[in-house]
Structures are given as structure tokens and as C-alpha cells.
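Hi,

Here is the structure I promised to pass on to you.

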Amino acid sequence: MAKRALRIAATADLHYGKHSRGTLREAFAEISSNADILLLCGDLTDYGLPEEAEALVADIRAAVKIPMLAVLGNHDLESAQAELVCKVLDDSGIGRRMLNAWGEPLIKQFVQESISHAVRLEQALAKLQTDTRIVVLHYSPIRATLKGEHPEIFPFLGSSRLEEPINRFRVNAVFHGHAHNGILEGKTSTGIPVYNVSAPALRKTGKPYRIVEL
């Protein structure tokens, strides 16, 4: 009997505010009915406030019945309350495996931070003993999915340093957000598919999420 494909739903840049409750409940219900896992690729809140995370979690609890995995984005760090935001997410059953903490206090250490994140990604991939490897990021590891954004802000939307461990460990697919005006998919230099699942970009296709079968 052929093994059924894994249906991965992914979205990012939801930017939930204190009064956003109900905004994506219908979309979350659709995801729960049509996918096996939901990936949330950062910027889940607008200002990184626990109350915003609670509004998001209320919709998730009301509609999502499948496993979830999330990373944080720069907006989730805006108010320096990331640990409280994480607690709200953790209490809802959303798993976290890698935090992408590229907030403003680190701008002066920008290059070193990109190196550090690439190292952390490499270390995480090295620990995996699975046949399938999926990378969940907020920032893009390639330039291709940033097309449509102003070139001047490319350095703030991703880092090509992340591509090397992705290629070396032969990852099956990469999901990221942050590029609101970027294109929806591209490939690394070795042909690994990279999906930009930023909700503002995906809404142009009619849905604020994407489902990929692997």
C-alpha cells in the first residue's frame, strides 16, 4: 500500500492585534479539515503582546484540531515580552523548535546574528534522525522568494547563510514568512523547494495559507 502524502499547511505574518479575534477562525477550520499539520512561520502578533497572542490562540483553539509548530518573527519580539508570548502559545499546544530573534537591539550585530542563526539551524538539522526534514523559518534563506520586495530591504528579509545547511542536510522543503510582497516559491541552489507563506502574499491567491503535500 502506497504511503499517503503528508499535507502541510503553512502561514505567516498574521499580525494579530488585541481585537483580531475571529479574523482567521474560518481559515483555521479549513486548514484543520484539509491538512495534517499547521506551520506558523512568525509575526503571529502585531506588537509582541501576550494579549495579541491570546486573541490568536482563541481562534486556534476554536478551530484547529491538528498538530502545530511555530517560530517567532520580529514583530513578536517588538515589546520585549517574547517569553510571555511563548507561554501563551505553549499553553495552547503549539510546539516551538527554533526562535528567530532578529529584533532591533541586534541590528549592530547583524552579520554575526545571521551566522549564529545558520549555526543553530545546522545544529538542529544534525540532531534529526528522520527521513523527512522540514525547515520552518521566519526569514528567507534565498533571494528568489524576495522578488517583488524593494532590493534595498533584502538584507532585512532573510539571509543566504541559512541556505548552506539546508542544502547540506538535503532538507525536503523550507517554509518562511516575512516577505509580504515576495513571490510564493523558489528553490535553493540544489533544487530544494522554498515556500513563502506570508499571509499578505498568499491572499493574492485567495487564501491566507498554503497546503503542500510531501
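Let's start with helix H1 (25-34). The things that cover the buried residues of H1 include S1, strand S2 (37-41) and H2. Here "buried" means under 20% relative accessible area, "exposed" means over 50%, and "partly exposed" is anything in between, all with a 1.4 Å probe and protein chains only. Helices are DSSP runs of H or I with at least four residues, strands are runs of E with at least two, and both are numbered from the N terminus.

Before going further, some housekeeping: this is a predicted model, where local features need pLDDT of at least 70, side-chain atom pairs count only at pLDDT 80 or more, and totals for chains, interfaces and linings use all residues. Residues are numbered from 1 along each chain as its sequence is written, and side-chain values use heavy atoms, with hydrogens and water left out.

Back to H1. Which of its residues are buried? They are Ala27, Phe28, Ile31 and Ser32. Looking down the axis of H1, these buried residues fall within an arc of 140°, so they line one face of the helix. (The arc is that of the directions from the helix axis to the C-beta atoms.) Glu26 and Ser33, on the other side of H1, are exposed.

H3 can be read in a similar way. Its buried residues are Ala82, Val85, Cys86, Val88 and Leu89. They cover an arc of only 160° around the axis, which puts them on the same side of H3. After H3 comes Gly93, with a positive phi near 95°.

Two of those H3 residues turn up again with Ala53, which sits in helix H2 (residues 50-63). Is Ala53 buried or exposed? Ala53 is buried, with a relative accessible area of 1%. If you skip its neighbours within four places in sequence, Ala53 is in contact (heavy atoms within 4.5 Å) with Thr45, Val85 and Val88.

His15 has a positive phi of about 50° although it is not a glycine. You will find His15 in the loop between strand S1 (7-11) and helix H1, and it is buried at 17% relative accessible area. Ala80, also not a glycine, has a positive phi near 55°. Ala80 lies in the loop between strand S3 (68-71) and helix H3 (82-91), and with 71% relative accessibility it counts as exposed.

Finally, zoom out to the whole chain. How many helices and strands does the chain have? There are six helices and nine strands. The radius of gyration is 16 Å, close to the 17 Å that the globule rule gives for 214 residues, so the chain is as compact as a globular protein of that length. (The radius is taken over C-alpha atoms, and the rule is 2.2 Å times the number of residues to the power 0.38.) Of the 214 residues, 51% count as buried. Among contacts with a separation of 6 or more, 73% come from residues 24 or more positions apart.

Happy browsing!
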